[in-house]
Amino acid sequence: MDRRRLQFFVALCEELHFHRAAARCRITQPALSQQLRQLEEELQVQLIHRNKRRVSLTRAGETFLGEARKILNQMERAAQLARQTDRGEIGQLSVGMTAPALYIVFPEIMHRFRMALPNFGVNVHVMTTSEQEEALRAGAIDVGIFHPPLDDQSLSSHPIARMRFNVVLSDRNPLAERPRLRLEDLSRQRFIIFPRVIGPRLYDEIISLCQQAGFSPELILEASPAQSIIALAAADFGIGLIASDLQQFARPGVVYRPLDGPAPHLTLGVAYQSDDTSPAIQTFLDVATAVGELVS
């Protein structure tokens, strides 16, 4: 059914005058009459009573007017949605996120992203860096927040934040009496660290820095996410390493101490398919970069 014919019909119904309706539609009066006759022929029903003095609707025309308005509104809504989708204003974005990123940057990223694109939905998947690489290649996620570097150089990525690790330990641990610590102070402690599979390079960096400080951790207890490390530290199972003040959850029985001197850092980056330059992804990247600068 032709959209313009519906618009002409609605205009005539509202004006009840061929000349005024034609002027409103910016066509000639004969052209308007022809379009309405073609609409009636298409529907095989008379919609309008015509005479020299007045125009009125048939009962069928009254019924059709309500439906025509609904159709035009729906068509305009469909066109608007198409335009908004093309501009990246609505849709769905699938995001991969490591557990630390979920607590450190995700809340502020989502706040700013929703301010920029209020009608855009976001699906979040907690994934390791390697899982994000695989998901990006498969198109299962649109963008990821990961721990650099990536193995797959075909993906586009850049760092957004870098934060030092601090120490979390039981308030019963003798080291808790010190206001600040160095890596060498931890030489006789059991380490509570995230599993190596979550961040192999970062895990190895921590061990390497300990070796440079003159020791190798003899006992390592693997735990994740940060809440689990903190809970184990509260139970005096050992000392943990926690990046960013935003992960220093308040819990009875634990204290947090900064590390002076050489210390491991947690780096966060964003990754996406190199050929995907959609407006929504670009907005997410811009927001993530700005938030990363705040927390670094």
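Trainee: In β10, which residue is the bridge partner of Asn166?

Mentor: In this predicted model, strand β6 (residues 155-170) and β10 run antiparallel and are joined by four bridges. Within β10, Asn166 has as its bridge partner Ile242.

Trainee: Which residue of β10 is the bridge partner of Ile192?

Mentor: Strand β8 (residues 191-193) runs parallel to β10, and two bridges join them. The partner of Ile192 in β10 is Gly240.

Trainee: Is β10 largely enclosed or exposed, and how many of its residues are buried?

Mentor: In a regular strand the side chains alternate between the two faces of the sheet. Here Ile239, Leu241 and Ala243 point one way, while Gly240 and Ile242 point the other way, and all are buried. Strand β10 (residues 239-243) is therefore largely enclosed by the rest of the structure, the number of buried residues being five of the five.

Trainee: How far apart are the C-alpha centres of domain 1 and domain 2?

Mentor: The domain assignment gives domain 1 as 3-87 and domain 2 as 92-159 + 268-295. Their C-alpha centres are separated by 48 Å.

How values were computed. Residues are numbered from 1 along each chain as its sequence is written. This is a predicted model: local features need pLDDT of at least 70, side-chain atom pairs count only at pLDDT 80 or more; totals for chains, interfaces and linings use all residues. Side-chain values use heavy atoms; hydrogens and water are left out. Domain bounds come from an automatic or database domain assignment. Buried means under 20% relative accessible area, exposed over 50%, partly exposed in between (1.4 Å probe, protein chains only). Two strands pair if DSSP finds at least two bridges between them.
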